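User: Please take a close look at one part of this model, its charged pairs. A plain account is enough.
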Amino acid sequence: MNEQRRNALKTVLQLMCQLLWVVGLVVGLSGVYLLMKYKQSSLFFSHIYIILPAVLALASAVFLVATGCLGTWLSLRDSTFLQGLFVYLLVLVFCLESTASALAYFHSTKLDSEIAPLSGVFQKYSGSSQDPNSRAVDATQEELQCCGVHDYRDWLETYWFNRTGGLLVPRSCCNSTFPFCNGTVAQPWQLYPQGCQVKLEMSFQFVLSFIIWGSPLVFVVEVVLFLTVAQMMKDQPLMEYQVLYKN
């Protein structure tokens, strides 16, 4: 009966370690996606600190995968050292993931102020493909399907709009459902109705939410793993010591 119980515990350990790999993959992809989003929109942010959750998420993903591999190995052999190392890695992973989750939540509440330079970048728009500000604005408007900071009327107060004679906004504002749109403000229904600030905040909120909710998921899996390893350590027979005498 005791042997059957140990086999059942090892099976649970293997399943939970496989779940650790899945969680590590999700957390790691969230970190990579956040870094990619920041690279595309770095001109719109006042500082670089928003990538800290991504860096910690990637670090925790690496340790999650490593811990899952160690747990799978542990299920195949009995080793007090490996059990202790496994528990230590679980604690380390939880600390990393909790910190990443806390930072992600903090930045999710401060996105409005962190994207404050967005308006200044739009004001510097020149329409040149050699200008990084212009490339960033066009790429953002096309990808997020938005126009202006709050809506297309933000363009009416820019140097670009005055240079076009007060007639046109950038063609990247054109709704893709209107193939003959040239950016004229005389036909505003052909432009994207929503501004880029809201869309940008929503896209970052989406990826930050994955990092935020990764911590509770890791916590639940680790609680099951802690209980499983504790039972395995409890059932492990004690080592017998003998006193050696000189003869």
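What is the relative accessible area of Glu-143, and how is this residue classed?

Analyst: Glu-143 has a relative accessible area of 46%, so this residue is partly exposed (buried is under 20%, exposed over 50%, partly exposed in between, with a 1.4 Å probe and protein chains only). The model is predicted, so local features need pLDDT of at least 70 and side-chain atom pairs 80 or more, while totals for chains, interfaces and linings use all residues. Numbering starts from 1 along each chain as its sequence is written, and side-chain values use heavy atoms, without hydrogens and water.

Glu-143 forms a salt bridge with Lys-37 (a Lys or Arg side-chain nitrogen within 4 Å of an Asp or Glu carboxyl oxygen). The closest N and O atoms of Lys-37 and Glu-143 are 3.5 Å apart. Lys-37 belongs to helix H1 (residues 2-41) and Glu-143 to helix H6 (residues 132-144), so this pair ties together parts 106 residues apart in sequence (helices are DSSP runs of H or I, at least four residues, and strands are runs of E, at least two, numbered from the N terminus).

The structure holds two salt bridges. The other joins Arg-153 to Asp-151, with their closest N and O atoms 2.8 Å apart. Asp-151 has a relative accessible area of 15%, so Asp-151 is buried.

Buried residues also occur in helix H2, among them Pro-53, Ala-57, Leu-64 and Leu-74. The 23 residues of H2 should span 33 Å at 1.5 Å a residue, which agrees with the 32 Å between its end C-alpha atoms (the expected span is 1.5 Å times one less than the number of residues).
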